[in-house]
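Visitor: I would like to learn how to read a structure like this one. Please take me through it feature by feature.

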Amino acid sequence: MTRVFLALLLIISNIMYAQKKLNLIPYPQNIETHNGSFTVPEVLKLSNDLPQKETEYLKKRFSTVLKFQDAKKADAQLIYTRLPEKSGENKESYILTVTPKQIQIQSSTQKGYFLALQTLIQLLEESKTNGKIPAMKIEDQPKFAWRGMHLDVCRHFFTVDEVKQYIDYLAMYKLNTFHWHLTDDQGWRIEIKKYPKLTEIGSKRKESMIGAYVDNTFDGKPYGPYFYTQEQIKDVVKYAQERHITVVPEIEMPGHALAALSAYPELACTKGPFESATKWGVFDDVFCPKDETFKFLENVLDEVIQLFPSQYIHIGGDECPKTRWKECAHCQDLIKKNNLKDEHGLQSYFIQRIEKYINSKGRKIIGWDEILEGGLAPNAAVMSWTGVNGGIEAAKSKHFAVMTPGAFCYFDHYQGDPQSEPNAFGGFTPLDKIYSYNPIPEELNAEQAKYILGVQANLWTEYILDFKHVQYMIFPRLMALSEVAWGTSDSKNYKEFEGRVINQFKVLDKMNVNYAKSIYNISGKVIPANDGIAYELSTSQNSSGIRYTLDGSVPTINSKTYQNPIAIPNSLTVKSAYFEDGQLKSAVSSQQFTISKTTGRTITLEQQPSENYSFGGAFTLVDGIIGNVRQLGKTWLGFQGKDVSSTIDFGTKTTFTEVYFNTLENKGSWIHLAKSAQIYISDDNKNFTKIKEIGKEEIQKAKGKILLNVGKQNTKYLKVVIENAGIIPAGNPGADSKAWLFVDEIGVN
């Protein structure tokens, strides 16, 4: 009986152990757990036939805590078996087997061996708790071939050593592509020997914007010259290759060219003079599509191709205003001569001419999804950033695409409550949102899905001044990206993933990485409740540790314990924080509520906001939170080229005399005040009567903060229509593009 009981206990414990996930990121495709464990010795014996460069990487990672000794394969504790390559197999696949006596790695390529080492390194890190690695067999391979991370070094520059650290972070989590954004309006960062002025002049600017864009303030300090020499470029590429990471360079064209034009103004449509941009945003002066420009770009690309062995060269292609081309006689003649439809056709002509040249050098181009304008170049790949449609269009036309939509993959967005985060570009992209992303759009069938190369996250650095801030913005979000790219993410198991992320913080601490601790902070969500709203608080930890106040005071361990969503009956401020063992563990979160008769009511929108700026959906407009004009995070809805037509159902007839709402103006980011607004009322939600209209001049005079006296009204439905500014006029950043309209709370008094 005792033996039966012990056997049953052993079976149950094995099942429970198998169900508990190992602390690995990205999680492997298949893990088979076995009985027993491998005890990590003080000196790990390595087979003397292991791949040398990759094994040196392992030794370097553990040089301070573990000793290594070469040994014959028969005596070694870490051995490697090179498998024969098979046609069609994934060259990044590997098998990692742990027994009580030995660890064995099998793969058909050294790339697979290196990826297996990343898994082993995480197992060794975890073994420090008890000195053991559980016996197991891991059979693993990535789902996506392109697992990328981008870094903008133009807005702010980072040293070679910092770029190498960045590459190391990618290697740790099995990313394999480093997209290096080397040229832009604010700086040219790569030495081109044929054109020395690019770095003599274009690698510096007279000053830089500081603070929020709307503040329009500058530091008055010269920035640069900052650039990478060709020898430094070679060093970085070699460093990445040793970690099986491909470096994809980006040379922007035809737009984002001010730094280049400051050095060589003859490449523009006008005479200039030009200077590297001191502001962020988009500018009208771009490369002029004339023969000398193409010769210049071909010469630049010749040197770039010599430095970077990557299959793809990124040529940008995004955010190219057509203002100068419309006014340029040469451009207009070129449109007529080549029977192009318009300036968008001229952009396609530009990209196709560059692609033909790059193809002649045995390489391919990839560009942001605006390269679809006017027709896609024959062999081009698309990086879909404005949403998923660019990737869908590319895949359906049998072009490869990398998915990098801003709503899920822009790491310059806020990752926690904007009120407790450093200044960021805008948007709200927390860890769980990234983890929920599926790079294969539902609109694609199985055959079309094969054209999705993979997924990438982008880090633009307008508001990132130093490398510590770079670390803060990518960690821990890079971990979510890595598991999405590997193909083992499952949003239903997000909490379990969150636990593995927190476990990884121990490693980042030892590496002195400045990661964001937003995961510990209180997350607040407004929900409808009892004809009003309630404020739901959550944290990655035990919610019983949350304390809050409603009087504006800072919470202490003696403040109210959070148990259920907090009713918000009137205008007040909720402050909350997480405590553990009597100690404050999180930042103090603060949320001010302004309650009106629309708060918590049912609201519908005729057109939905952009995915980048859609947090909370239509309910965001009646959640009692007034948007912060300096932070385009959780509290605003953004609409590109669309009007806002919202209908609020009061439930019963309601009396009011004033209607209010806010819109934004930030022309550098293509955000314009509304053109007009109309207020309607109805008792049946069918027949509406207009009771007020306001025009562009009045909206501009009020600076977007609209408070309208509508007389005494008594109605069940309120419709507010806010008209988008439409196409951005010439002379403004983003001219000829669709304007953005940002709106926050719609209320009545």
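Visitor: By class, how many nonpolar, polar and charged residues does the lining of the second largest cavity have?

Guide: First, the ground rules. This is a predicted model, in which local features need pLDDT of at least 70 and side-chain atom pairs count only at pLDDT 80 or more, while totals for chains, interfaces and linings use all residues. Residues are numbered from 1 along each chain as its sequence is written, and side-chain values use heavy atoms, with hydrogens and water left out.

Guide: On a 1 Å grid over the protein atoms alone, a cavity is a set of points where a 1.4 Å probe fits but cannot get out; a pocket is an open set with protein on both sides within 12 Å along at least five of seven lines; lining residues have an atom within 4 Å of a point. Ala, Val, Leu, Ile, Met, Phe, Trp, Tyr, Cys and Pro count as nonpolar, Asp, Glu, Lys and Arg as charged, and the others, Gly among them, as polar. Here the lining of the second largest cavity has four nonpolar, two polar and five charged residues. Among the lining residues are Glu92, Lys111, Arg147, Lys174 and Arg243.

Visitor: Which element gives the most to the lining of the largest cavity?

Guide: Elements are DSSP runs, numbered from the N terminus: helices are H or I with at least four residues, strands are E with at least two. In the largest cavity α3 gives the most, with four residues. The lining includes Gln118, Ile121, Gln122 and Glu125, along with Gln504 and Val507. α3 also gives the most to the lining of the second largest cavity, with three residues.

Visitor: How much space lies in the second largest pocket, and which residues lie nearest its centre?

Guide: That pocket has about 1200 Å³ of space. Its lining has 50 residues, and Phe428, Ser523, Gly524, Phe615 and Lys634 lie nearest the centre. By class they divide into 17 nonpolar, 23 polar and 10 charged. β27 supplies the largest share, five residues.

Visitor: Strand β20 (523-529) supplies at least two residues of that lining. In what order do β20, β21 and β24 form a sheet?

Guide: Two strands pair if DSSP finds at least two bridges between them. The open sheet has three strands in the order β20-β21-β24, with antiparallel pairing. Its edge strands, β20 and β24 (566-567), each pair on one side only. β20 and β21 are joined over seven bridges, and proline 528 has isoleucine 533 of β21 as a bridge partner.

Visitor: Is isoleucine 105 buried or exposed?

Guide: Buried means under 20% relative accessible area, exposed over 50%, and partly exposed in between (1.4 Å probe, protein chains only). Isoleucine 105 counts as buried because its relative accessibility is 0%. This residue is found in strand β6 (residues 103-107). Contact means heavy atoms within 4.5 Å. Leaving aside neighbours within four places in sequence, the contacts of isoleucine 105 include Leu78, Tyr80, Ile95 and Leu117.

Visitor: What about serine 645, buried or exposed?

Guide: Serine 645 is buried, with a relative accessible area of 10%. Its place is in strand β30 (residues 644-662). Not counting residues up to four places away in sequence, serine 645 touches residues including Thr604, Glu606 and Val720.

Visitor: Which residues of the largest nonpolar core touch the most other members?

Guide: A nonpolar core is a set of buried Ala, Val, Leu, Ile, Met, Phe, Trp, Tyr and Cys residues joined through side-chain atoms within 4.5 Å. The largest one has 160 residues, and Met149 and Trp180 touch the most other members. Helix α3 (residues 110-127) gives the most to this core, with nine residues. Apart from this core lies another, of 46 residues, among them Val526 and Val748.

Visitor: Which residues of helix α12 (residues 389-396) are buried?

Guide: They are Gly390, Gly391, Ile392, Ala394 and Ala395. What covers them includes β17 (381-384) and β19 (452-457).

Notes:
Grid points are joined across faces, edges and corners, and a volume is the space filled by probe spheres set on the points.
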